[in-house]
Amino acid sequence: MSKKTKETENANAIDGLNDSLTGISEKVQNNQNIIFIVTGIVAVIVIAILVYIYAFREPSIKAGNEQIGQADYELALGNDSTALSIYKSVADNHGYDAGNRAALQAAILLYQNGEYQQALDYLGKYAAKDNFIGPAAYSLAGDCYVNLDQLNDAEKAFKDAIRESDENPAYTPFFMLKLARVYRALGKYKDEAHVYETIEKDYPLYGQNYNIDIQKYLERARIQAGE
């Protein structure tokens with residue numbers, strides 16, 4: 001191989017290497033641009049979240065907690081109407097735990113005042129979060145429907161209360177008794193009897209503990225069901 005040919009090959013190799021390096025450099029630069037853009041977007045999102053938390057969410061939580069504390073204080077003093085007004089305001093204007101609890105408290109006071117539809121409206125703002133208060137809220141809705149003579153809705157509400165109460169022996173049978181009474185009012189005596197049978201089978205001590213003659217109610221429902 002001639003010296004000239006070898007020099008030419010070396011030059012070509014160097015040019016090829018330069019081209020490769022140039023291509024790699026351009027790719028790195030492009031990737032860096034993408035990284036910078038993505039990083040900028042993430043930074044904007046993080047800043048927006050922080051602004052929301054500290055400029056809006058935290059002050060709103062604090063304000064809601066302060067107001068519901070005032071409502072609890074008024075209720076403890078026996079100022080039910082003042083407490084109700086504050087609970088309604090918190091439920092209407094605040095979210096989070098304070099707004100949720102305020103909705104339930106407002107519903108309870110409205111029910112006690114005989115304002116059943118309004119109580120249902122505030123129960124609609126309440127999100128059940130546990131297997132004690134949640135079932136009680138469903139039961140309260142059932143009581144509202146009973147007083148509004150909306151028995152089919154009451155049936156559904158008491159079924160929800162029973163389901164969510166997770167077979168708790170202290171209050172699942174209590175909700176079942178309410179459902180049985182709704183079935184009786186609807187003339188569904190067979191369903192009524194089935195509820196009493198279930199109470200006797202799954203919660204045999206409930207009637208004795210609360211002085212309720214489950215057997216008497218069961219026999220009455222069976223007779224009216226034609227059994």
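Visitor: Where is Asp 149 found?

Guide: Asp 149 sits in the loop between H5 and helix H6 (151–164). Helices here are DSSP runs of H or I with at least four residues, numbered from the N terminus. This is a predicted model, where local features need pLDDT of at least 70, side-chain atom pairs count only at pLDDT 80 or more, and totals for chains, interfaces and linings use all residues. Residues are numbered from 1 along each chain as its sequence is written, and side-chain values use heavy atoms, with hydrogens and water left out.

Visitor: Why is Asp 149 called exposed?

Guide: Its relative accessibility is 60%. Exposed means over 50% relative accessible area, buried under 20%, and partly exposed in between (1.4 Å probe, protein chains only). So Asp 149 counts as exposed. Asp 149 also has a positive phi of about 60 degrees, although it is not a glycine.

Visitor: What makes Asp 166 exposed?

Guide: Asp 166 has 54% relative accessibility, and therefore counts as exposed. Asp 166 lies in the loop between H6 and helix H7 (172–186). Its phi is positive, about 55 degrees, although Asp 166 is not a glycine.

Visitor: What is the angle between H4 and H5?

Guide: Helix H4 (residues 116–123) and helix H5 (residues 133–147) pack at about 150 degrees, with their axes 9 Å apart. Axes are lines fitted to C-alpha atoms over the stretch in contact, and angles run from 0 to 180 degrees between N-to-C directions.

Visitor: Why is H4 called roughly antiparallel to H5?

Guide: Over 145 degrees counts as roughly antiparallel, under 35 as roughly parallel, 65 to 115 as roughly perpendicular and the rest as oblique. The angle of about 150 degrees therefore makes H4 roughly antiparallel to H5.

Visitor: Which residues of H4 and H5 meet?

Guide: Contact means heavy atoms within 4.5 Å. Tyr 116, Ala 119, Leu 120 and Leu 123 in H4 meet residues of H5, among them Ala 137, Leu 140 and Cys 144. The contact residues comprise nine nonpolar, one polar and no charged.

Visitor: Why is the pair of Phe 174 and Phe 175 called tilted?

Guide: Rings of Phe, Tyr and Trp (its six-membered ring) pair if their centres lie within 6.5 Å; planes under 30 degrees apart are stacked, over 60 edge-to-face and the rest tilted. Here the centres are 5.9 Å apart and the planes at 55 degrees, so the pair is tilted. Tyr 171, Phe 174 and Phe 175 form one aromatic cluster.

Visitor: Is Phe 175 buried or exposed?

Guide: Phe 175 is buried, with a relative accessible area of 5%. Phe 174, at 37%, is partly exposed.

How values were computed. Helices (H or I, at least four residues) and strands (E, at least two) are DSSP runs, numbered from the N terminus. Ala, Val, Leu, Ile, Met, Phe, Trp, Tyr, Cys and Pro count as nonpolar, Asp, Glu, Lys and Arg as charged, and the others, Gly among them, as polar.
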